[in-house]
Amino acid sequence: MEIKDQVILVTGASRGLGAAIAKAFGREGAKVVVNFYKSEQKAQQVVQDIGDHAVAIQADVTDKEAVLRLFEQAEQHFNQSVTTVVNNALINFTFDAVNRKNAGQIQWEDYQTQLDGSVKASLYTTQAAVEGMSRLNFGRIITIGTNLVQNPVVPYHDYNTSKAALIGFTRTMANELGANGITVNMVSGGLLQKTDASAATPDDVFDLISASTPLKRVTTPEEMADAVLFFSSPWSRAVTGQNLIVDGGLVMH
């Protein structure tokens with residue numbers, strides 16, 4: 001199915017990477033659901049930037065009933081099932097290498113928050129999407145990971161662990177859902193230039209990352225979004241269970 005014929009749900013799409021992904025799909029003519037939790041004004045701005053083929057819908061993606069309502073509202077608005085889900089929402093986390101919790105300070109509750117945001121939220125959106133995708137014998141589920149799993153240069157214990165778990169989720173779902181025409185893949189970025197989540201990162205860290213990549217620059221949210229588009233496009237029809245690292249070659253895997 002061409003991207004222009006799809007209904008795309010992007011979770012956490014009011015700002016940063018999520019907004020870039022939503023706008024990239026909008027540029028390609030897809031119908032876009034801009035999910036937000038609290039930032040309604042920013043979500044509506046993303047919708048305005050995309051045009052009349054986008055809608056903003058509020059939902060806490062760690063709440064199963066809220067996710068079911070989100071899918072119902074999306075289908076009613078576009079009169080079509082969601083065909084692609086991008087699990088992008090980031091729950092209560094800031095990339096701050098200076099003030100992060102170290103091994104002696106991290107609490108299980110911190111891990112639980114990030115596991116809920118990564119794995120629980122992806123589980124709920126996947127379960128809500130499967131019926132409609134199976135009817136079409138077509139679906140694309142895309143999770144957002146991090147190159148810190150392969151190269152934990154900053155030990156964000158809770159965040160990195162949750163994304164490692166999300167890789168397992170991605171591959172097991174790919175195995176089970178492939179028979180229904182549904183692919184499940186991950187796109188993993190590095191430090192992105194520059195989002196709300198990475199605003200606390202000092203400039204010298206960006207300089208260090210840039211100097212360490214073969215491309216000699218830090219990846220932008222828009223470049224990451226292009227890789228997400230690939231996994232929704234017909235070009236990726238034989239690809240599932242994969243983790244594509246998009247970081248300018250910093251991590252080669």
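Predicted model: local features only at pLDDT ≥ 70, side-chain atom pairs only at ≥ 80, totals over all residues.
Local features need pLDDT of at least 70 and side-chain atom pairs count only at pLDDT 80 or more, while totals for chains, interfaces and linings use all residues. Residues are numbered from 1 along each chain as its sequence is written, and side-chain values use heavy atoms, with hydrogens and water left out.

The protein chain has seven helices and seven strands, taken as DSSP runs (H or I, at least four residues; E, at least two) numbered from the N terminus. Their order along the sequence is β-α-β-α-β-α-β-α-β-α-β-α-α-β. The radius of gyration, over C-alpha atoms, is 17 Å, close to the 18 Å of the globule rule (2.2 Å times the number of residues to the power 0.38) for 253 residues, so the chain is as compact as a globular protein of that length. The C-alpha trace spans about 50 × 40 × 35 Å along its principal axes. Of the 253 residues, 51% are buried (under 20% relative accessible area, 1.4 Å probe, protein chains only).

Strand E2, residues 31-36, has five of its six residues buried. Its two pairings (at least two DSSP bridges each) are listed here.

| Strand pair | Bridges | Direction |
|---|---|---|
| E1 (residues 7-10) and E2 | four | parallel |
| E2 and E3 (residues 54-58) | five | parallel |

Between E1 and E2 the chain passes through helix H1 (residues 16-27) in a right-handed β-α-β crossover, that is, clockwise from the first strand over the helix to the second, with the strands pointing away from the viewer. Val-10 has Val-34 in E2 as its bridge partner. E2, helix H2 (residues 40-50) and E3 also form a right-handed β-α-β unit, and Asn-35 stands opposite Ile-57 in E3.

Conventions:
Buried < 20%, exposed > 50% of the residue type's maximum accessible area, 1.4 Å probe, protein only.
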